[in-house]
Amino acid sequence: MLRRARERLDLYPLAIHANYLVNLASVDPAIRERSIASFRGELERAADIGAEYLVLHPGSYKGQSLEEGIAAFVLGLRDAAAGAAGMMKTGVTVLLENTVGSGAQIGGRFEELRAIRDYAVQLTDVPVGYCLDTCHLLAAGYDVSSEAGLRETVREVGRVLGIENVKLIHANDSKTPFGSHVDRHANIGEGHIGKAGFRRILAHPKLRGKPFILETPVEHDGDDRLNLENLKKLGGRPERPPQALGLPHNLEDLKKLCPKSRTTTTKSS
Ligand SMILES: [Zn+2]
């Protein structure tokens, strides 16, 4: 049913977010066991509903070194994926989300995410990519609010992560300033990234083709709609996608709407 609804609404890609309590980097045996089982369940459910992406935070290495935390995380990922049913048949990609890098949180620096992915590709067949959160970037010390900062950040993304591995962008403004390492989402244009910042992010040639997802706070009814509209306005995207106008999704069907072009194609081929 979900698949049919997605086709009708042209909902692509479908990304789901793993439970925030999952901490694959934990040393505590009980937390670790629970996190692996829980993440395995998430992988299976993602595969079941045909989701493209499952977003996961790298977790906290509290009580150990960063290196140990990363090792615990990738091995946990391997164990969760190894026991997951039906993973091979489906196309679920796990996306590591960047964090603000507070305290023992893994994933504030691109190098940490890259290291995890490098190991993960050797340990498991589940494809691994990245999800970048704009609020987390700013708070972690990547200045996506300024023109020069965005240029430098995207260059770093390309150098360390590979722009093609970034499958998704969480569009959130930040209530806390650059480098604060504090994670507080703000409405688009109302935080330290600001309207001009988002306009540049949405227009960036390396980013504008990526799917953007909002995780902004909903304090009043309609806040999410307002954020979406603001994002569209800043990005200069059409307010109504073709499907909303009753146009077909499929190019072949679209061509049928214009018999003249079909004649031309037949002649020339
Ligand atoms: Zn956040």
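Guide: Two strands pair if DSSP finds at least two bridges between them. Here an open sheet of six strands has the order S1-S2-S3-S4-S5-S8, with parallel pairing. Strands (E, at least two residues) and helices (H or I, at least four) are DSSP runs numbered from the N terminus. The model is predicted: local features need pLDDT of at least 70, side-chain atom pairs count only at pLDDT 80 or more, and totals for chains, interfaces and linings use all residues. Residues are numbered from 1 along each chain as its sequence is written.

Visitor: Which strands stand at the edges?

Guide: Strand S1 (15–17) and strand S8 (212–214) do; each has a single partner strand, so one side of each lacks a neighbour in the sheet. S1 pairs with strand S2 (residues 53–56) in the parallel sense over three bridges, and Ile16 stands opposite Leu54 in S2.

Visitor: At what angle do helices H3 and H4 pack?

Guide: Axes are lines fitted to C-alpha atoms, for helices over the stretch in contact, and angles run from 0 to 180 degrees between N-to-C directions. Helix H3 (residues 66–83) and helix H4 (residues 110–123) pack at about 40°, with axes 9 Å apart.

Visitor: Which residues of H3 meet H4?

Guide: Contact requires C-beta atoms, placed from the backbone, within 7 Å. Ile70, Phe73, Val74, Leu77 and Arg78 in H3 meet residues of H4, including Glu112, Ala115 and Tyr119.

Note on methods:
Contact = placed C-beta atoms within 7 Å.
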